[in-house]
Amino acid sequence: MSLSVSEDELLQAYQLSSLYPQRWEDGAARQGDREAVEKTHAAIEEWSDPMGLRSTVPASRLTEPNQLDKISIGSKSFDPKTFLNTVHPNASFAELSQGAKQLKTSIEQRSEALKVLVDENFDRFVSVKATTDEVFRSMTDPDVGPLADRSDQGVQGLRTYVTDASVKADSVFRPVLENYVKSMKLRNTLGVFQRSRFFFNLPGSLQEYVEAGNYEAALRDYNKGKYLLESRPAQLLPIHSDGTNTDPPTEAQLEQQRRIFARVWDGVEEVMYDMQSKLLGILREPHRSVDEQEKCIEVLLELDPTSDVVAVFLESQHEHIKQVLHSTYTREEQVFSSYREAEKDCSDLELAKNLYDCLYLVRTSPGAKPSFDKVLGAQTWQAADNLVEQLCQTALHTIPIFWRIARDHAEGKFGKDKAFSTSSIHAEAKAWGVQSIDLFTKSLTQFFGLESFRARSKKPLFSQLPAWVSATTCSLSATHAMSQILSTLSDTVRDLRNLAIPGTSTQLHALLLDTRFQFTEILCYLWLRDARLCHYLENWTPNTQQPAITSYLFAFSVFNRWNAREGFVLADVRIKNGSKNPEGEVDTAFVGRLKESFTQVLHTFLDGIVTAAQSPLDMPELQSLLRIPHEGRLPPPRDRDTRILLSASNLSHLHSHVIRAWVKQFEEAYQVSLGSEQQHLLDVCAQLDRELLGDSVRQKGKLVASIVRKGILEEGINWGQLGKPKGVNSFVYHALLSLVQVHAQIRATVPALVSRVIMALVEILADAILDAFSKVPTFNMGGMLQATLEIEFVHQTLAYHVSPKAEATLKHVYETISTKYSATAGKNDGSLQKELEVPMLPAP
């Protein structure tokens, strides 16, 4: 249904001229004025000039109220002067003469018309006159006429009816009128009680408010009733309710009035006493909000200003805080212990599998925090997180309420007296607040087994994890859980410090600092322990972008970057290491611990590469554990030579690109310098590369050297009695073939190492040739030429891979052969000349 009303309808209904009138407007008078104006306008429209000179009346000259009647020729108040002055003030004589003729003609026409009308209706006038006379005679007939000359004037019958009606009305309506008078008296009495209805209904209404928990409304009505009782008793219960009796009340009447008031007020006091008991019970309820408690205290103080309800609340709240903090810690610690005791010891292989699973979660969760709910140690971390969260929530739900009430009480919010800060209850409240914070911090210190930051930072990294940390966890899942715990604790410490309880800020700050440092050390320990297990994760799968290296490098890069970033978060580094303030010293301790762990992790990682390469064989049980989850297949097995080559390629790539990038990222994040550490890492990486690849080359070089040594010394070649060369001996082909096989293997695995390995093998080959020919006693011309042919064949075939060292060695071989041939050349000059005349056979 629409409730909108137009402005015109509103003005018409209330007979107003405007929505904002400036004076009182009489609707009836205005209606009469409006009707008069409407009649005037109608008369002006109907008016015509009897002289025929104007078509309309000049409305601008109608200045008087009855002026229109004076210029209307049909009106009894017609005034010729007014007519001429109003209608024709400027007419000429000729116009007036013409108008007079017109008026005369009009009058004659009207008189003629009237004569015709009388002539046509004369018989009707006569008939009406006769009828009127007959009616008059019958009305005045002295016998039966109602207008006969008698005293009752014809109303005797009417008088009789009226008299009978009056008697009947008196018998009918007199009781009604008497009851009406009685009802008026009763209404006056009820009016008195109606005015006092609030007071007499006060016990019931207060009970309803109390049952509904609307204590403020109950207090308001109670105060109102108390004021009326004390200041206006006569208004609540007048002695003379009709107001006609002005005599002073008697003592009996006053006593009756007091009894009535006492009976009502006893009911009120009983209800208020019950409400006060309920409010005191609410004060002792710990789960009420601070606003509810403040309202409760204000109501109680309003009821009884002399009572110390704040002390009741503070004492009960303090006891509740102690009890609930202790019970919460005990309950959650038992749950945590059950999970911690249920853990089983894990082998390095199982720890490596857990690390692989966590690393897979990190790599497959870009842009979001991974979920470590199903990894080893997850339940223990969740239990620890629940313990800290429950303890923090308990502290935040109880201590702020306690301290806010205590602070408001000290500031005089709950009373007129403002000097509460020196009262004994406030001193006790301060002590209770400090005790509550102390209980909170000691509970967490006991659970974590915290040690002072100042003392702990001067000691080396602990050799084993704290007792509460799961031994099966890895650094990735641990940092995730510790970040959540630390976030909860940081928010709680901030909120508790904002309460500004005297003497607690330093204690809370120390708790957070000690916890951060322990968590940082836990990260460093697990980071280093996991780095020792990382070599188990090498599955020799080539990197999709760079097949010469394995995907293991990228996996370790993700592992290392995660821990470095989480360490920055845990330590809350503010990059103030250069400052001399306490915060700068704290950051220096955190960064120093992380810096040391970072470099140790990289050294351990490099050693792990060598360990993985030199393992006797692939571990099927580990590879089965490390099966790619979404592919369901195992990586292909690799032989030892292939593993060494891939590891050497990894070390080479680390030396040339990766280590500098890792160090640079750490330096930029933590604003530290790792110049010497980086150089040491590069030196170690290069050394491991040389040792690892050198060992592989030596193993392959032994085969080549044995082939050469066996061919020169053990296959029955008498180098002192050989004839002219007929071709290269087979052992040379065998040696070169072994080099070709090595070349093919390296090129198929790590093409970048082909030249480096072959050059090293050529050097070994040259050394083996030199050693073998050095053991030959003598060379005749044929032996010298055969040896020179074979050396030259090897030299020319491997010319691309001959290093300066191998070149020098081969030159020394030539000299050795020449020297041993020259020692016997004088004895065989004729033979020598003869042999020189024999043409040399071309090399095959």
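Me: Which residues have the most contacts inside the largest nonpolar core?

Reply: Happy to start there. In this predicted model, they are Phe440, Trp468, Leu476, Leu654 and Phe773, and the core itself has 161 residues. Helix 16 (residues 378-410) gives the most to this core, with 15 residues.

Me: What makes Leu391 a contact of Phe440?

Reply: The cut-off is heavy atoms within 4.5 Å. Leaving aside neighbours within four places in sequence, Phe440 is in contact with Leu391, and also with Leu325, Cys392, Ala395, Leu489, Thr492, Leu496, Leu508 and Leu511.

Me: Why is Arg456 called buried?

Reply: Buried means under 20% relative accessible area. Arg456 has 12% relative accessibility, so Arg456 counts as buried. This arginine lies in helix 18 (residues 453-456). Beyond four places in sequence, Arg456 touches Glu451, Leu461, Phe462, Phe517, Glu521 and Arg593.

Me: And how do you know whether Asp695 is buried or exposed?

Reply: The same test works here: the limit for buried is under 20%. Asp695 has a relative accessible area of 19%, and therefore is buried. Asp695 sits in helix 25 (residues 675-714), and touches Arg640 and Arg690, not counting residues up to four places away in sequence.

Me: How do you know that the span of helix 15 is close to the expected one?

Reply: The expectation is 1.5 Å a residue, which gives 22 Å for helix 15 (residues 348-363), with its 16 residues. From first C-alpha to last, helix 15 reaches 22 Å, close to that expected value. Among the buried residues of helix 15 are Leu351, Leu355, Tyr356 and Leu359.

Note on methods. Residues numbered from 1 in each chain as written. Predicted model: local features only at pLDDT ≥ 70, side-chain atom pairs only at ≥ 80, totals over all residues. Heavy atoms only, no water. Helix = DSSP H or I, 4+ residues; strand = E, 2+ residues; numbered from the N terminus. Expected span 1.5 Å × (residues − 1). Buried < 20%, exposed > 50% of the residue type's maximum accessible area, 1.4 Å probe, protein only. Core = buried A, V, L, I, M, F, W, Y, C linked by side-chain atoms within 4.5 Å.
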